[in-house]
Amino acid sequence: MAGLLHLQSTLLPSASALRRRAGAPVPSSSRRRCRVEAKIREIFMPALSSTMTEGKIVSWTAAEGDRLAKGDPVVVVESDKADMDVETFHDGFLAAVLVPAGESAPVGSAIALLAESEEEIPVAQSQAASFSSSSSSPPPPQETAAEEASLPPPPPPSPAPVAVSAPARPSPATQGGGRVVASPYAKKLAKDLGVDLFSVTGSGPGGRIVAKDVEAAVAAPKKAAPVTATRPDVPLGSTVPFTTMQGAVSKNMVESLAVPTFRVGYTITTDALDLLYKKIKSKGVTMSALLAKATAMALVQHPVVNSSCRDGKSFTYSSSINIAVAVAIDGGLITPVLQDADKLDIYSLSRKWKELVNKARAKQLQPHEYNSGTFTLSNLGMFGVDRFDAILPPGTGAIMAVGASEPTVVGTKDGRIGIKNQMQVNVTADHRIIYGADLAAFLQTLAKIIEDPKDLTF
């Protein structure tokens, strides 16, 4: 749902009234019309979320002089989390744009003027001159150009982490459909020494890589890579201001420092979950949805972990289980929310998750789709991270950091040694309302659900 523009009417004398003040004769037929007052409405920067303090104009969808009808989109505003089309709820003409595209303005400040009739556009444009000296208006074009010329160019969006991830280490390695042929010991040695087998020339039969080839690659002097080859898209040495989203993330992280938190870790065997995922992946099920569903089912049994403390004097048991899942996007981080995750089946949950991710990357999430979470998941397992701690988002009771599922040598119940896939999860919680025993019981329940996941598909 698009936002609505905040409008304020400014009553100006009509042309007839101005003639009367100047002493000009007023035709008798116009004496009634002189009481009609022109309306010039100020279009304010709307508050598109509860945490938004200023907005950036992405683009104006209407030009000065355009006729607008109630409900027409006028401007696209970047809030702290998303880009949103903003509509007008008055008919009129867009008379003057006070804040051009690319500029920011505080919530509640005037960004444009709307004239009621076409004849009143010049009046509104003359009124717009009074805003030129205010802090909410942009500088003159010449000054703007000079300032922009003196600023360093903004950095382009950071590449997605997946694009820069290293080739998979498990052998045989592949690249472009090819295989790296190496002896088992050479593979182990390369892994221990951090050598990329794709960069090693084999001296064995048929080009097979042997241990001495790996040792030679380690001993060989490394060629200095040019500076631009590391991060050619980053303006090194420059100072780059926060984007609106980065500013919001910074504010939230600083606020979280006021909450007394503690952390509890747990190891969960994922063999059964991995097998289930392989069976239903072709039906559109995602691992993020499986983890969200398992977490929601565990929270049903431990509502205190789904509670929150906002005033420091009381806590609230949330009536819904809404799982927020952290997603990295260009220029920041956002947490799309799977609402009522405990009530949706895994297939509906997966479809909803894909829809939310697409909207998040297009910066089209509505406020209720990212600010209604009651428990947060942060998963870096797909990047090979085995464990980490997450920062508690303000207004929530707990967040769980999920690491990668890795083959691990374990002792079996019969005293033998076996290999099982295991992952580490670490929960950060608000210690004012959640205690160690609460998290331990919750993690035990979560582990039982994941290790015997038959109920996830019901």
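A nonpolar core here is a set of buried Ala, Val, Leu, Ile, Met, Phe, Trp, Tyr and Cys residues joined through side-chain atoms within 4.5 Å. Keep that in mind for the first view; the model in every view is a predicted one.

**View 1. The largest nonpolar core, with 55 residues.** Five residues have the most contacts inside this core: I323, F375, L377, M400 and F442.

**View 2. A close-up on I323 and what I323 touches.** Leaving out residues up to four places away in sequence, I323 is in contact with A292, T295, A296 and L299, then with P336, V337, L338 and A341, and also with F375 and L377. Two of those partners, F375 and L377, are listed along with I323 as having the most contacts inside the largest core.

**View 3. Helices α7 and α8 packed together.** A pair of packed helices is described by the angle between their axes and the distance between the axes. For α7 (residues 271-280) and α8 (residues 287-301), the angle is about 130° and the axes are 11 Å apart. That angle makes α7 oblique to α8. As for handedness, the α7/α8 crossing is right-handed. On the α7 side, the residues that meet α8 are L273, D274, L276, Y277 and I280; on the α8 side they are M287, L290 and L291. Sorted by class, the contact comes out as seven nonpolar residues, one charged and no polar.

**View 4. T376, a residue of strand β20.** Strand β20 spans residues 375-379. Is T376 buried or exposed? T376 has a relative accessible area of 4%, and so T376 is buried, the cut-off being under 20%. Setting aside residues up to four places away in sequence, T376 touches A324, T335 and P393, plus A398, I399 and M400.

**View 5. R432, in the loop between β23 and α10.** With a relative accessible area of 33%, R432 is partly exposed. Which residues does R432 touch, not counting those up to four places away in sequence? They are V259, P260, C309 and G312. R432 and S314 are 118 residues apart in sequence, yet their C-alpha atoms are 9.3 Å apart in space.

Definitions and conventions:
Residues numbered from 1 in each chain as written. Predicted model: local features only at pLDDT ≥ 70, side-chain atom pairs only at ≥ 80, totals over all residues. Heavy atoms only, no water. Axes fitted to C-alpha atoms, helices over the stretch in contact; angles between N-to-C directions. Helix = DSSP H or I, 4+ residues; strand = E, 2+ residues; numbered from the N terminus. Parallel < 35°, antiparallel > 145°, perpendicular 65-115°, else oblique. Left-handed = near helix turned anticlockwise from the far one by under 90°. Contact = heavy atoms within 4.5 Å. Nonpolar A, V, L, I, M, F, W, Y, C, P; charged D, E, K, R; others polar. Buried < 20%, exposed > 50% of the residue type's maximum accessible area, 1.4 Å probe, protein only.
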